[in-house]
Amino acid sequence: MVNYIKTFFSITLFFFLLSTLNANDTVRISNGEWPPFFSKDLKKHGVTSHIVQEAFALENIQVKYEWYPWKRALHLARVGELNASIGWSKTKKREKDFLFSDIIINGNAVFFYLKSQTFDWSEFDDLKDIRIGSILDYQYGTKMQEIKNLEGTDVFEVVDEKKLFEMLLKGRFHVVIMNLDVGYGILNKYFSKKEVSSITYHKKAFHNEKLRLLFSNEIENNTYYLKKFNKGLQRLKDNGKFEEYYKNSRNGAYEIKK
């Protein structure tokens with residue numbers, strides 16, 4: 001009887017410790033505002049926040065998001081106060097401070113335009129003599145400057161994405177340049193279904209940006225978390241959930257109805 005009791009408590013203790021370990025297996029990730037990818041005001045904190053959380057969950061790891069301005073978010077991960085920061089491009093400068101995950105956002109900036117208008121392009125010369133709206137100071141490498149140098153092409157830069165679409169609907173621009181998912185995030189949030197249905201985009205991307213999860217080199221366990229995350233992320237890509245979540249986002253699935 002004594003041996004039975006000892007065995008029972010040993011097994012109970014083992015499972016208690018195992019559950020405690022799993023409960024504490026949490027990564028802290030800095031996050032910021034960039035709807036529809038990341039936002040405190042969206043379901044699941046936005047589509048990409050959702051994907052990152054799901055990828056870790058498939059490997060039995062919890063995620064705790066902490067919200068900061070983007071510059072601070074990157075700094076806190078760099079110095080090791082947090083495990084990682086979400087949504088950054090891979091650069092030589094960052095390689096000394098971070099480990100890079102597989103791609104979580106394969107983002108295309110595209111030309112949005114009205115369905116009632118004809119628009120097509122394959123090279124920059126096709127953009128001559130049109131009015132283009134864009135976001136001020138958004139970086140597209142050297143491509144924006146090449147467009148500005150085209151004869152007869154006018155580029156208007158504003159600070160507000162919503163304003164760009166308002167001006168497009170009024171005919172002030174022929175096209176506007178914006179990240180595909182950001183564009184649909186703005187349209188689904190601020191415009192009527194009729195207005196959204198009147199707008200389309202060109203399938204040829206103007207610019208592509210690949211963003212990742214950055215893990216701090218200051219935290220030893222981050223090599224383990226990186227491998228686990230990439231494994232879970234690949235499972236989401238293989239089973240179709242990765243693309244499904246982004247498609248749902250473009251249809252407004254992450255918006256909180258008020």
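I began with Asp126, which I found in the loop between strand E4 (98–114) and strand E5 (131–135); I took strands (E, at least two residues) and helices (H or I, at least four residues) as DSSP runs, numbered from the N terminus. I noted that this is a predicted model, in which local features need pLDDT of at least 70 and side-chain atom pairs count only at pLDDT 80 or more, while totals for chains, interfaces and linings use all residues. Residues are numbered from 1 along each chain as its sequence is written, and side-chain values use heavy atoms, with hydrogens and water left out.

I looked up the cover of Asp126 and found it partly exposed, because its relative accessibility is 34%; buried means under 20% relative accessible area, exposed over 50%, and partly exposed in between (1.4 Å probe, protein chains only).

I then turned to strand E3 (residues 84–88), where five of the five residues are buried, so E3 is largely enclosed by the rest of the structure.

Next I traced the partners of E3, with two strands counted as paired if DSSP finds at least two bridges between them. Strand E1 (residues 26–31) pairs with E3 in the parallel sense over two bridges, and Ser30 stands opposite Ser85 in E3. E3 and strand E9 (residues 207–216) run antiparallel and are joined by four bridges, with Ser85 opposite Leu214 in E9.
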